[in-house]
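Please look through the sequence and the structure that follow.

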There are 2 protein chains.
Amino acid sequence: MTSASAPERIWTAALVIIGDEILSGRTQDKNVVQVAAWLNVQGIRLAEVRVVADRTEAIVEAVSTLRARNDYLFTTGGIGPTHDDITVDAIAEALGVPVIEHAEARAILDRYYVERGGVTPARARMARTPEGASLIANRVSGAPGIRVGNIFIMAGVPHITAGMLDALTGTLEGGRPVVSGTIGCWVGESEVADLLRTAEKTHEGVAIGSYPFFREGRTGANFVVRSPDPDQVETCLNDLTAALEAQGHDVVPGGI
Amino acid sequence: MTSASAPERIWTAALVIIGDEILSGRTQDKNVVQVAAWLNVQGIRLAEVRVVADRTEAIVEAVSTLRARNDYLFTTGGIGPTHDDITVDAIAEALGVPVIEHAEARAILDRYYVERGGVTPARARMARTPEGASLIANRVSGAPGIRVGNIFIMAGVPHITAGMLDALTGTLEGGRPVVSGTIGCWVGESEVADLLRTAEKTHEGVAIGSYPFFREGRTGANFVVRSPDPDQVETCLNDLTAALEAQGHDVVPGGI
């Protein structure tokens, strides 16, 4: 199935999390994990994440750099109705396009708020988009997300973000999803460092992560093997297991 | 106590999280919250966070940019004994200094591993530092963290990171800690957006965050007021409460 000579196209994405509430430590971020997991299923690799403050210059810098060197850029946060919601304006500035009222977004808000007190000026802010944008459906709370070029502007509240990701499922071009397999071992990772290094070198295109932990008074580690090629993952896991067992370690399939 | 004319020096820090395991979605990051909360107590503001892959160029870029424009730079992850632990080498490259074996770090490892099978070549890697570094005590698992210039290189495993932060407590110069106060209201944030904007404008030096939620079938929001000046926070919270009550909303002190 796989040609050994043709290098696979790797699709990458970056994520910019916009929010003082994350930087202040008030709110535990949950979007990195869910965006990363979702991207992986689309065959897109999350290459980098930045958390920036609710400041225009910070957003412009992150968006300008990351959209240029990744296939896709996702943002979360800062698209609500209040004064600290400046994402749309900052991204328009980064792109050098004006902010417009998006007729379809406005129609969505009109419908959503018809029995909720109507579209006030604050609510109407959520119909503003950079010029040339299309919308990402929001099945949870009315105000849509926004796609402009390779940028996907999403809500910051995790369950609303999740709904927007769901609306985007299957619409983005990607490569083969990265497959991973895990084994665990009650061993200090320093005892098996050489063995891991050798396994990664032997299996080209495979990345091995070593994740130590301390539990129940004992030292252990999980070893995660990642590759877009499921056969490679399996072969590498088998070799790694054999090498660990040859050193007298018990291996737990699936990890500890 | 506060001079109205002299602007306060704001001390800032950046955090670089090094780890494929975060970008793959496998591991939920916990270090942003704990580093942010700890920094706040030191009177230092977490200004930006980047999550980068276990790749030298990615680490070098993030470290070079962020250390130059912040008072302090913290990193977590990639300082263990295995092949994917490249943080020390990457930071030395960013600083243009060689990597050396740090005698004090080596002595710590010798003591720590004396009854744990000795210092193997893999374990000895954890005594390597950029030239000119000092150490950050690790009260949990032996291998120390590293301070070099304004960069603090810490472990990625959250409870080990916590121990290193603890060892650094009170050693870094900062300003006044940012104080925050929260009130909650069962109201859609879009209904009170103007009121929030006005309150923030009226109270200079205060930042108001609006955090909407949907719970028990109802819409609500918490409003967080932040400033280094506790009096400012209290005054602003009082004004905000009065304004919300004047519109007929019940206000929950401390947030919902």
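Which residue with a positive phi follows α7(A)? In this predicted model, that residue is G170(A), whose phi is near 80°.

Helix α7 of chain A runs over residues 158-168, and its buried residues are I160(A), T161(A), G163(A), M164(A), L165(A) and L168(A). The cover over these buried residues of α7(A) includes one helix, α2 (31-41), together with the strands β3 (72-76), β6 (134-136), β7 (145-148) and β8 (151-154), which also belong to chain A. One of the buried residues of the helix, L168(A), is touched by F74(A). Leaving out residues up to four places away in sequence, F74(A) also touches A13(A), A14(A), L15(A), V16(A), W38(A), L39(A), F152(A), M154(A) and L172(A). In soluble globular proteins, nonpolar side chains tend to be buried together. The largest nonpolar core here has 98 residues, and F74(A) and F74(B) are the ones with the most contacts inside that core.

Stepping back to the whole chain, chain A contains nine helices and twelve strands, and its C-alpha atoms fill a box of roughly 70 × 45 × 35 Å along the principal axes. Chain A is divided into domain 1, covering 11-168, and domain 2, covering 179-253, and the centres of these two domains, taken over C-alpha atoms, are separated by 38 Å. Of the 256 residues in chain A, 51% are buried, while the chain exposes about 11,000 Å², of which carbon and sulfur atoms supply 52%. Among contacts between residues of chain A that are at least 6 apart in sequence, 69% join residues at least 24 apart.

The next topic is how chain A and chain B are arranged. A rotation of 180°, with 0.0 Å of shift along its axis, superposes chain A on chain B with an RMSD of 0.1 Å, and the two copies are therefore related as by a two-fold rotation axis. Within chain A, the C-alpha nearest that axis belongs to R50(A), at 2.2 Å from it. R50(A) lies in strand β2 of chain A, residues 44-52, and is buried, with a relative accessible area of 5%. When neighbours within four places in sequence are left aside, the contacts of R50(A) include L15(A), V16(A), I17(A), E61(A), A62(A), T65(A), L66(A) and R69(A) in chain A, and V49(B), R50(B) and E61(B) in chain B. Because 98% of the interface residues of chain A are also interface residues in chain B, the copies meet through the same surface.

The last topic is the cysteines. A disulfide is a covalent bond between the sulfur atoms of two cysteines. Over all chains the count of disulfides is zero, and the distances show why for C185(A): its sulfur is 14 Å from the closest cysteine sulfur, that of C236(A), which is too far for a bond, given that a disulfide needs sulfur atoms within 2.5 Å. C236(A), likewise, is in no disulfide, the nearest cysteine sulfur being that of C185(A), 14 Å away. C185(A) is buried, with a relative accessible area of 0%, and C236(A) is also buried, with a relative accessible area of 0%.

Definitions and conventions. Residues numbered from 1 in each chain as written. Chains lettered and ligands numbered in written order. Heavy atoms only, no water. Buried < 20%, exposed > 50% of the residue type's maximum accessible area, 1.4 Å probe, protein only. Domains from an automatic or database assignment. Helix = DSSP H or I, 4+ residues; strand = E, 2+ residues; numbered from the N terminus. Contact = heavy atoms within 4.5 Å. Least-squares fit on C-alpha atoms with pLDDT ≥ 70 in both. Areas by Shrake-Rupley, 256 points an atom, 1.4 Å probe, with all protein chains shown as cover. Core = buried A, V, L, I, M, F, W, Y, C linked by side-chain atoms within 4.5 Å.
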